[in-house]
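I opened this notebook page to record what I looked up, working from the charged side chains to the overall fold.

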Amino acid sequence: MSGAYAVLHDPEGLLDAELPLDRAPHEALVTAVLAWKDPDLAPRDYEQIALQLTGHARAVAADVRRLAAALPKSDGRGALAEVILREAGGRLSAPLQGTARCVQNRARLVRALYTRLDRLTEPAPATA
């Protein structure tokens, strides 16, 4: 199927649960974007980077949501995850703009989601 693309329709998100996140390249992209001082890219380039980060943010958010849902109600990490997920939902619903600021905001969101994901995969803190 050289040169052809297939559109995948997965409204239940079943494949998301099966595919691991490709974390390293996206973290490198986040680091590079957040290091920008005065980039001079075309608006379409900013839009493409923002689209890449948006798609990855949605995938990380799905993992955060899945892990948070599996926690006991008494585990406060789930409540914190819900706060991050609500914020992520609002930020992801904002329209993309062809600006460095938009791209950097998406990069910050990916970083925040990965921070929450890491906290959810750590062992639960011991309670006294």
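**Salt bridges, an aromatic pair and the fold**

I began with the charged side chains of this predicted model, where Arg23, Glu27 and Asp118 are linked in a network of salt bridges. Since arginine 23 lies in helix 1 and aspartate 118 in helix 4 (residues 100–121), the pair ties together parts that are 95 residues apart in sequence. Arginine 23 counts as partly exposed at 25% relative accessibility, and aspartate 118 also counts as partly exposed, at 28%.

I then turned to the other bridges, the structure holding five in total. Arginine 66 and aspartate 63 meet at 2.2 Å, N to O, and both lie in helix 2, three residues apart, about one turn of the helix. Here I noted that arginine 66 is partly exposed at 35%, whereas aspartate 63 is buried at 17%. For aspartate 75 and arginine 77, the closest N and O atoms are 2.8 Å apart, and I found both residues buried.

Next I checked the rings and found one aromatic pair. The ring centres of tryptophan 36 and tyrosine 46 are 5.8 Å apart and their planes stand at 70 degrees, so I logged the pair as edge-to-face. Tryptophan 36 lies in the loop between helix 1 (23–34) and helix 2 (43–70), while tyrosine 46 lies in helix 2; tyrosine 46 is buried, with a relative accessible area of 6%.

Last, I recorded four helices and zero strands for the protein, with buried residues making up 29% of its 128 residues.

Notes:
Residues are numbered from 1 along each chain as its sequence is written. This is a predicted model: local features need pLDDT of at least 70, side-chain atom pairs count only at pLDDT 80 or more; totals for chains, interfaces and linings use all residues. Side-chain values use heavy atoms; hydrogens and water are left out. Rings of Phe, Tyr and Trp (its six-membered ring) pair if their centres lie within 6.5 Å; planes under 30 degrees apart count as stacked, over 60 as edge-to-face and the rest as tilted. Helices (H or I, at least four residues) and strands (E, at least two) are DSSP runs, numbered from the N terminus. Buried means under 20% relative accessible area, exposed over 50%, partly exposed in between (1.4 Å probe, protein chains only). A salt bridge is a side-chain nitrogen of Lys or Arg within 4 Å of a carboxyl oxygen of Asp or Glu.
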